[in-house]
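Colleague: I have a model open and would like to learn how to read its features one by one. Please give me the idea behind each feature, then the case here.

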Amino acid sequence: MAQAQVVEKKQMRTPIESGCPDGMQFMHPLMVKNFGNWKYHDRPRPGVLHHVAYSGDEIWTVRVGTQRQLGPYEINLLCDIVDKYGEGHVRFTIRSNLEVMVSKWEKVGPLIQAFNDAGYPVGGTGNSVTMISHTQGWLHCDIPGTDASGVVKSLMDELYEEFIKEEMPNRVHITTSCCQINCGGQGDIAINIQHTKPPKINHDLVANVCERPSVVARCPVAAIRPAIVNGKPSLEVDEKKCICCGACYPPCPPMQINDPEHSKLAIWVGGKNSNARSKPMFQKLVAAGLPNNPPRWPEVAAVVKKILYTYKKDARDWERVGDWVERIGWPRFFELTGLPFTKFHIDNWRGARNSLNASAHIRF
Ligand code: SF4
Ligand code: SF4
C-alpha cells in the first residue's frame, strides 16, 4: 500500500509555472540588500527619486517618459544608455515610464543628459502630469474603436512641459480606454471611446463565428435575440433598448460596433484611486461626442488642455482634480472651463430597473 502511494506521488504532474518571473533577480543589488528597510525618500529634482536606507545606503531613480510602443530600435537605444551611464538595472512603471537606478548622485546628471539627447524626457514625479496610462489600441487588442496609444503620444507631446516640471497643484493621472467596457480606469482626466450607434450585424458570418447564446447573455440590457435571417441562424438587436456599450462585439465580431463616424471620444473628470486627503472618487462625464480623429486627435487635446490648465490655475495646493471640482461645484467647473453642459450629462437612464441583469449569478 505504502509502495503504491509512493509510485502515485512520483507520477503527479505539477503545472509549469508560467506567471511573472520573480522580480528580485532583476533588481538593483542595493534594492535587494535593503528590501523593506528604507528610512525615507525625497526628490532632489523633477524626475529623480532619492531613497535612503537604514543601513546608510542611498539610491537614485531617474524616471524617463517613453512612447510605450517600443520597437527594437528604441529598446536598444534605451538599453545602451542604461549600460553606458546607468548600472544596468531598469524597470517599467504601469504608466510606461522607464526607471533607471544608480548608486551615485554624480551619475544622475550624465544619465539625464543622455536621455534628453536621445529625445526622451525625464520627469513624471511629484506634482506633474505623469505619463498617461493607456490601453493597447489597434496594435494588440481585437476590439478597440480607437488607438489609445496614439491619443497618449499626441497628448503627451503637447503636455511635455507639464511632464518635466512639477507645477500642478497635485499629481495628475490621465487614463485612456479604447473600448467602452474594458481596461481604462479612474483618472483625474480620462479619455474613453464612446459608441453612439447600435452594432451593424453581418448576418452571413454570425452562424460561423459566434456562439449565439453567449452573445445574447452578454448584452446587459437584453437587447439581443436569436433570429433567422436569409435562412441562416443569426441575431437581431432591439435598437430601442441598445445602449451601444459594445459588449456584444468581443464574443461576436460580426456585430460591428466600431464606426468611423459614430465611434466618438468622451472625457471624464475627477476619478482617483488614492484615499489621501479624500476618499477614492468615480470620474464623471464632462465632454462627449468628440471626433475620433487620428493621428493627432486635436479636438480631444484641446478639451484636455482646457480642463488641465483651468485646474492648474484655480485649484488650491494638494487638491486633486476631483477635490477641486467638489469644492467649486460642477456648475462652476463648466463655467470656468467653458465646456457646454448638455442634457447628455444628466444620468437619468432608468432602463436598468427593467432590463439590467440583476441576478447574483456571474455570467460570462
Ligand atoms: S480598452 Fe478595450 S479595446 Fe482597448 S485594449 Fe482594453 S479591451 Fe482592448
Ligand atoms: S452594444 Fe451593448 S447594449 Fe447594444 S446590443 Fe450590443 S451588448 Fe447589447
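Colleague: Let's start with charged side chains. Which residues are linked with Arg63 in a network of salt bridges?

Modeller: A salt bridge is counted when a side-chain nitrogen of Lys or Arg lies within 4 Å of a carboxyl oxygen of Asp or Glu. Here Arg63, Arg91 and Glu99 form such a network. Bear in mind that this is a predicted model, where local features need pLDDT of at least 70, side-chain atom pairs count only at pLDDT 80 or more, and totals for chains, interfaces and linings use all residues. Residues are numbered from 1 along each chain as its sequence is written, chains are lettered from A and ligands numbered from 1 in the order in which they are written, and side-chain values use heavy atoms, leaving out hydrogens and water.

Colleague: In E5, which residue is the bridge partner of Arg63?

Modeller: First, the labels: helices (H or I, at least four residues) and strands (E, at least two) are DSSP runs, numbered from the N terminus. Two strands pair if DSSP finds at least two bridges between them. The partner of Arg63 in E5 is Glu99, and Glu99 also belongs to the salt-bridge network with Arg63. E3 and E5 run antiparallel and are joined by 6 bridges.

Colleague: How many bridges join E2 to E3?

Modeller: There are 5, and this pair is antiparallel. Val48 has Val62 in E3 as its bridge partner. The hairpin of E2 and E3 leaves 4 residues between the strands, and Gly56 there takes a positive phi near 100°.

Colleague: How many residues of E3 are buried?

Modeller: Buried means under 20% relative accessible area, exposed means over 50%, and partly exposed is in between (1.4 Å probe, protein chains only). E3 has 7 of its 8 residues buried, so by that definition it is mostly covered. Across the protein, 43% of the 364 residues are buried.

Colleague: Back to charges, then. How many salt bridges are there by this rule?

Modeller: The count is 17. One of interest joins the side chains of Lys33 and Asp57, at 2.7 Å from N to O. Because Lys33 sits in helix H2 and Asp57 in the loop between E2 and E3, the pair ties together parts 24 residues apart in sequence. Lys33 is exposed at 55% relative accessibility, whereas Asp57 is buried at 17%.

Colleague: Where in the chain are Arg43 and Glu166?

Modeller: Their side chains meet in a salt bridge at 3.1 Å, N to O. Arg43 is in strand E1 and Glu166 in the loop between helix H6 (160–164) and strand E6 (174–177), so this pair ties together parts 123 residues apart in sequence. Arg43 is partly exposed at 40%, and Glu166 is partly exposed too, at 25%.

Colleague: Now a helix. Which residues of H4 are buried?

Modeller: The general idea is that an α-helix has 3.6 residues a turn, so residues three or four places apart point the same way. In H4 the buried residues are Val108, Leu111, Ile112, Ala114 and Phe115. They fall within an arc of 160° seen down the helix axis, so they line one face of H4; the arc is that of the directions from the helix axis to the C-beta atoms. Their cover includes strands E1 (38–45), E2 (48–53), E3 (58–65) and E5 (97–102), along with helix H3 (72–85). Just after H4, Gly119 takes a positive phi of about 95°.

Colleague: What does Leu111 touch, not counting residues up to four places away in sequence?

Modeller: Contact means heavy atoms within 4.5 Å. Leu111, which lies in H4 (residues 108–117), touches Val62, Ile81, Tyr85, Gly86, Val100 and Val102 on that count. Leu111 is buried, with 0% relative accessibility.

Colleague: And the surface: which residues make the nonpolar patch with Val32?

Modeller: Patches are made of residues with over 30% relative accessible area and no salt bridge; like charges are joined within 9 Å, and nonpolar side chains (Val, Leu, Ile, Met, Phe, Trp, Tyr) within 5 Å. Areas come from the Shrake-Rupley method with a 1.4 Å probe, and for residues only the protein chains shown count as cover. Met24, Val32 and Phe35 make a patch of about 250 Å². Val32 is in helix H2 (residues 29–33) and is partly exposed at 34%.
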